[in-house]
Amino acid sequence: MLAEKLLLHILIIMAPMFFYGLFIEHHSLKKSKILGGILQGVAACLCMLFPFVSHGFHWDLRYVPIIVAFLYGGPKAGTIAFLMVICMRIAIGGPLVLYGIGIIVLSVLFSFMFVKRFYEHPSNHRIIIGVLMGFWSAFSATLTVLFYMWNTKSWKGGLADDLVPIALIQMLGMTASVLMHERIVERIVMRQEMERVEKMNTLGELAASIAHEVRNPLTVVKGFLQMMKQGENYQYVPLVLSEVERAEKIISDYLNFAKPQFQEKRRFCLDIVLNEVCILLEPLAMNKGISLQVKIGANPLLETDADQLKQALLNIIKNAIEATSSGGVVVATAAVKSGVEIRIVDTGKGMTTEQLKRIGTLFYTTKDQGTGLGTLVSLRIINTMNGTLMYKSQPGVGTEATITLPTV
């Protein structure tokens, strides 16, 4: 009976860790010390509601969640769990309330010594500290009971037979709890390290891409300037300016990728922006022998940065034109449904399911030359506008890009 009851308590004190792993670890709530303290306090109170009763004494593993809350959650979490247990002990009542509170205070007394610097110790040292705290709580509980029996001259021989297994099960519960918490900490640290390495790899790729993309126009500019230095070849000036503008656009794209800058939010009609984009891209479409069409069934009103929206549409429609062969068609339409829907449909080469999954990831492109940054910038801009960008495609048939934006 003793073993079954206290082993049930071990399952109870494990419950907060299962709850944490399932619902909290990957969400912002994982940073809440208050929630951690409440979970450990609830576990301790549940242990108190189902005690093992021996010779008038109630035995349970209430001390384990309190110590764990102090060690792994900090002073705030530990204090919450401690106060919950004190309140529960007072609510239960009985002639041994003061002794019960005394045992709780003694059990967590030394936890305060390790609260602030607990995580400064390596994992194996933290495990040893946790086990020692479990030993201390078992020892202090036993010592308090022995003191009570000596003080009241009510020695109960049968109780002595239960003290050792109770202490062993309590240390077992503490050890299991500490080991599971260490696995959680290890998993969190490993994930943070993986995220850091991934960020560093992305930063390295980004730096290499910037260097490569900007070097190309600068090389052209350098060549033309060297030619101009040898004679008055001013006819190259427009080409030099064009390449400098291209380098500037590449840098602007990277800045927009990092964080889209909304300079001015204003109300405007969609047809104005959509027609301006198509006018800018009409020469490219004509040069490739592609028909670029605009069909606006409704003319919705939007409130956002028109220049940023224009850049996103420019990237998407330009990609559609470049993916379409001579004689093909690119159609841009707009309609109002649950929001403003802008569809760009082309009759180009299309994409496979695998390619669609990778659209919008850094440095991925279906072009022979390019970084894939234009699509990613467009996606970031539209997301910042609280909109969505979705792609549908079929190889050999074409691609449909659907932009959904909120109406005014």
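Helices (H or I, at least four residues) and strands (E, at least two) are DSSP runs, numbered from the N terminus. The model is predicted: local features need pLDDT of at least 70, side-chain atom pairs count only at pLDDT 80 or more, and totals for chains, interfaces and linings use all residues. Residues are numbered from 1 along each chain as its sequence is written, and side-chain values use heavy atoms, leaving out hydrogens and water.

**Helix α9**
- Helix α9 covers residues 270-287, 18 residues in total.
- Glycine 289 comes after α9 and has a positive phi, near 75°.

**Burial and cover of α9**
- Leu270, Val273, Leu274, Val277, Cys278, Leu281 and Ala285 are the buried residues of α9 (under 20% relative accessible area; exposed is over 50%, partly exposed in between; 1.4 Å probe, protein chains only).
- An α-helix has 3.6 residues a turn, so residues three or four places apart point the same way.
- Elements covering these buried residues include β3 (266-269), β4 (291-296) and α10 (306-322) (contact: heavy atoms within 4.5 Å).

**Helix α2**
- Helix α2 (residues 33-49) has 17 residues and reaches 24 Å, close to the 24 Å expected.
- Its buried residues include Gly37, Leu39, Cys45 and Cys47.

**Cysteines**
- Cysteine 278 is buried at 6% relative accessible area.
- Cysteine 269 is partly exposed, because its relative accessibility is 27%.
- The disulfide count is zero (a pair of cysteine sulfur atoms within 2.5 Å).

Methods
The expected span of a helix is 1.5 Å times one less than its number of residues.
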